[in-house]
Amino acid sequence: MTSTPLFQVDAFTDRAFAGNPAGVALLDAPADESWMLDVAAEMNLAETAFLVRAAAGRYGLRWFSPTVEIDLCGHATLASAHVLWTEGRDDSDVLAFDTKSGELRARRVEDGRIELDFPANTAVDAELDPRVLGSLAVTPVRTATTTNGWVLAELPTADDVRKASPDLVALGACTEHAVVITAAGDGDADIVSRVFAPASGIPEDPVTGSAHCLLATWWWDRVGKDQIDAEQASGRGGRLLVTLDGDRVRLRGRAVTTIRGELLV
């Protein structure tokens, strides 16, 4: 019987049982899409990453939620790089991943973090569907959308973000896209956010790297620093260091392996 190395990793955290858990499967060859979706549903995490080695330092990478394939996922990419390095699968200092969102890179940095190089995303001020606002049950000071469907609502305070209690069933029924709520930070973090994607099988995402590709462009000029210290205020919580560099965003974070095993089917 052949088996597939399979890991669970808590990403964007330096301790177990925090941050965002991701599955990471190391494949010998490309797999059937329906099988990968079944595996992701079995893992029942926000995303599971599937890696196929192309050459030293280069991999094909796909991500699946329990219900759909995802175009871009930061925490599962961070988890993938962490597994390749900590399990001794690759000793390259920089890893390249070929994905539906183009080439992504991960590199080890001096403080023990992993730095991801992702495409920036930009939101344009826009009125939101009243059903979305009603489902979020918040009163934003600004709202915006992106060309790839992300929805963003900026709230008056970080406390408003933390206390928000959206109707996730209603939200999933009125938009198929991820929804970000955000505000300026009120402590040691420069910005605070939460992310909801119930239509993709992710009621609330604990820590979302791809959302910070949008938050980087949204907040960069107003924060006015060479690096944004970002907090995602989910129940598990997570922290990222975010840098906007032209049309790219660099995301720094740590990861912890919590489960190591084999998939037998």
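How many helices and strands does the secondary structure of the protein chain come to? The answer is six helices and 18 strands, in a model that is predicted.

**Figure 1. The whole protein chain.** The radius of gyration is 18 Å, close to the 18 Å that the globule rule gives for 265 residues, so the chain is as compact as a globular protein of that length. Along the principal axes, the C-alpha atoms fill a box of roughly 55 × 40 × 30 Å. Of the 265 residues, 54% count as buried. Among contacts between residues at least 6 apart in sequence, 62% join residues at least 24 apart.

**Figure 2. The surface and charges of the protein chain.** The chain exposes about 11500 Å², and carbon and sulfur atoms supply 48% of this area. There are 24 positive and 40 negative charges.

Figure 3. Strand E8 covers residues 114–119. Strand E7, residues 102–108, runs antiparallel to E8 and is joined to E8 by four bridges. In this pair, Arg105 has Asp117 of E8 as its bridge partner. The hairpin of E7 and E8 has five residues between the strands, and Gly112 in this hairpin takes a positive phi near 85 degrees. E8 also pairs with strand E17, residues 248–253, in the antiparallel sense. Six bridges link E8 and E17, and the bridge partner of Phe118 in E17 is Val249. In a regular strand the side chains alternate between the two faces of the sheet.

Figure 4. Is Ser92 buried or exposed? Its relative accessible area is 17%, and buried means under 20%, so Ser92 is buried. Setting aside residues up to four places away in sequence, Ser92 touches Ala56, Gly57, Trp85 and Arg108.

**Figure 5. His82 in helix H2.** His82 is found in helix H2. The relative accessibility of His82 is 10%, so this residue counts as buried. Which residues is His82 in contact with, leaving aside its neighbours within four places in sequence? They are Val9, Glu87, Ile114, Ala255, Val256 and Thr257. His82 and Ala11 are 71 residues apart along the chain, and their C-alpha atoms are separated by 8.9 Å.

Conventions
Residues numbered from 1 in each chain as written. Predicted model: local features only at pLDDT ≥ 70, side-chain atom pairs only at ≥ 80, totals over all residues. Heavy atoms only, no water. Helix = DSSP H or I, 4+ residues; strand = E, 2+ residues; numbered from the N terminus. Rg over C-alpha atoms; globule rule 2.2 N^0.38 Å. Buried < 20%, exposed > 50% of the residue type's maximum accessible area, 1.4 Å probe, protein only. Contact = heavy atoms within 4.5 Å. Areas by Shrake-Rupley, 256 points an atom, 1.4 Å probe, with all protein chains shown as cover. Lys, Arg positive; Asp, Glu negative; His and termini not counted. Charge placed at Lys NZ, Arg CZ, Asp CG, Glu CD. Pairing = 2+ DSSP bridges.
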